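Reader: I am new to reading protein models. Could you walk me through one, step by step?

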Amino acid sequence: MGLKIKRSQGVTLVVPTSSMGDIAFLLIIFFMLTSKFMQEARVKHELASSTEIDKVQSQELSIILDDKGALWAQGEETDINSLKGIVDKLQEGKSEAERKEFTVVFKVHHTLESKVYEPVIRKLAELGVKVTFVGKMEKN
């Protein structure tokens, strides 16, 4: 009494590709929502202009002063006293060398007077971060 076991010749795997389009679409939406441009999208500001502008190499923190003088950090409205906590949180776990290279991109609405944005610059200087001012290129 022998027991016969049938063995299949080979295993064919089928990968369902019908939902790949849905997955790609969801990934695109995810990256758009988590990227930096969405953090600044709701802040109304117009940059100052200049004939000489360099490209920003890196940025860890984005700060904007809008046309009303409201302060925005990473797309969230804040006040000047909260900047230390924001910077400390972003510098958590970084080495001393990385902390010295911590760069803040500072955008100021072109109509604001210096008395509005100078306190922010002073606060950032106290925190010991590099500050990069952002503007738009003037056309000659």
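This is a predicted model: local features need pLDDT of at least 70, side-chain atom pairs count only at pLDDT 80 or more; totals for chains, interfaces and linings use all residues.

Reader: What counts as a salt bridge, and how many does the structure hold?

Author: Side chains of opposite charge can pair when their charged atoms come close. The cut-off here is a side-chain nitrogen of Lys or Arg within 4 Å of a carboxyl oxygen of Asp or Glu. By that rule the structure holds four salt bridges. One of them joins the side chains of lysine 130 and glutamate 101 at 2.8 Å, N to O. This pair links distant parts of the chain, 29 residues apart: lysine 130 is in strand S6 (residues 130-134), and glutamate 101 is in the loop between H4 and S5. Another pairs lysine 115 with glutamate 113, where the closest N and O atoms are 3.8 Å apart.

Reader: Where do arginine 122 and glutamate 118 lie?

Author: An α-helix has 3.6 residues a turn, so residues three or four places apart point the same way. Arginine 122 and glutamate 118 both belong to helix H5, four residues apart, or about one turn of the helix.

Reader: How are helices and strands defined, and how many does the protein chain have?

Author: They are DSSP runs numbered from the N terminus: helices (H or I) need at least four residues, strands (E) at least two. The protein chain has five helices and seven strands. Along the sequence, their pattern is α-α-β-β-β-β-α-α-β-α-β-β.

Reader: Is glutamine 91 buried or exposed?

Author: Buried means under 20% relative accessible area, exposed over 50%, and partly exposed in between, using a 1.4 Å probe and protein chains only. Glutamine 91 counts as buried because its relative accessibility is 6%. Lysine 115, at 62%, is exposed, while lysine 130 is partly exposed at 39%. Of the 140 residues of the protein chain, 24% count as buried.

Reader: Which residues of H3 are buried?

Author: Leu83, Val87 and Gln91 are the buried residues of H3. They lie on the same side of H3 because they cover an arc of only 60° around the axis, taking the directions from the helix axis to the C-beta atoms. The cover over these buried residues of H3 includes S2, S3, helix H4 (96-100) and H5. A contact means heavy atoms within 4.5 Å. Leaving aside residues up to four places away in sequence, glutamine 91 touches Arg99, Phe102 and Val129.

Reader: Which residues of the largest nonpolar core touch the most other members?

Author: A nonpolar core is a set of buried Ala, Val, Leu, Ile, Met, Phe, Trp, Tyr and Cys residues joined through side-chain atoms within 4.5 Å. The largest one has 15 residues, of which Leu61, Ile63, Val104, Val120 and Leu124 touch the most other members. At least two residues of this core come from each of strand S2 (61-65), strand S3 (71-73), H3, strand S5 (103-108) and helix H5 (114-127). Leucine 124 touches Ile63, Leu83, Val104, Val129 and Val131, not counting residues up to four places away in sequence.

Terms used
Residues are numbered from 1 along each chain as its sequence is written. Side-chain values use heavy atoms; hydrogens and water are left out.
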